Amino acid sequence: MKEIDDDGSLELKISHLEFRDSNTQARAIAEGILEVPDNHYVTFILHGRNGLLSELERFKEDFSKITEKIDGKLLHVIPK
């Protein structure tokens, strides 16, 4: 796992967990949103490529830098 942009998105290298649609080249598997203290939202998108999880993208709705500590217990997940 490594950070791949200034917003803290993570590249995932997982070799043993497959998602259901392994024939798809790349797709968003799940999306989540979280309200942060400055009254903005952080969006999280879990991506898959070639049947494997490949990236956890995150960004703020106004595209400003994410500086807040993220409490995963408050994340609302929206399956795709």
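Student: How many aromatic pairs does a search of the whole structure find?
Tutor: This is a predicted model, in which local features need pLDDT of at least 70 and side-chain atom pairs count only at pLDDT 80 or more, while totals for chains, interfaces and linings use all residues. Residues are numbered from 1 along each chain as its sequence is written, and side-chain values use heavy atoms, with hydrogens and water left out. Rings of Phe, Tyr and Trp (its six-membered ring) pair if their centres lie within 6.5 Å; planes under 30 degrees apart count as stacked, over 60 as edge-to-face and the rest as tilted. In the whole structure, the number of aromatic pairs found is one.

Student: Which residues form the aromatic pair that is stacked?
Tutor: The two rings lie 5.7 Å apart, centre to centre, with 15° between the planes. The residues that form this stacked pair are F59 and F63.

Student: Is F63 buried or exposed?
Tutor: Buried means under 20% relative accessible area, exposed over 50%, and partly exposed in between (1.4 Å probe, protein chains only). F59 is buried, because its relative accessible area is 19%. F63 has a relative accessible area of 63%, so F63 is exposed.

Student: What phi does F63 have?
Tutor: F63 is placed in the loop between β5 and β6 (76-79); strands (E, at least two residues) and helices (H or I, at least four) are DSSP runs, numbered from the N terminus. Most residues other than glycine have a negative phi. F63 is not a glycine, yet its phi is positive, at about 65°.

Student: How many bridges join strand β4 to β5?
Tutor: Two strands pair if DSSP finds at least two bridges between them. Strand β5 (residues 52-60) is joined to β2 (residues 10-11) in antiparallel fashion by two bridges, and the partner of E11 in β5 is E55. In the hairpin of β4 and β5, two residues stand between the strands, and N50 takes a positive phi near 55°. Strand β4 (residues 40-49) and β5 also run antiparallel, and the number of bridges joining them is eight.

Student: Which residue in β5 does V42 stand opposite?
Tutor: Within β5, F44 has R58 as its bridge partner. For V42, the residue opposite in β5 is K60.

Student: What is the relative accessible area of K60?
Tutor: K60 lies in strand β5. Contact means heavy atoms within 4.5 Å; leaving aside residues up to four places away in sequence, K60 touches V36, D38, H40, Y41, V42, K65, I66 and E68. K60 is buried because its relative accessible area is 2%.

Student: Which residues make up the largest nonpolar core?
Tutor: A nonpolar core is a set of buried Ala, Val, Leu, Ile, Met, Phe, Trp, Tyr and Cys residues joined through side-chain atoms within 4.5 Å. In soluble globular proteins, nonpolar side chains tend to be buried together. The five residues of the largest core are L34, V36, V42, F44 and I66.
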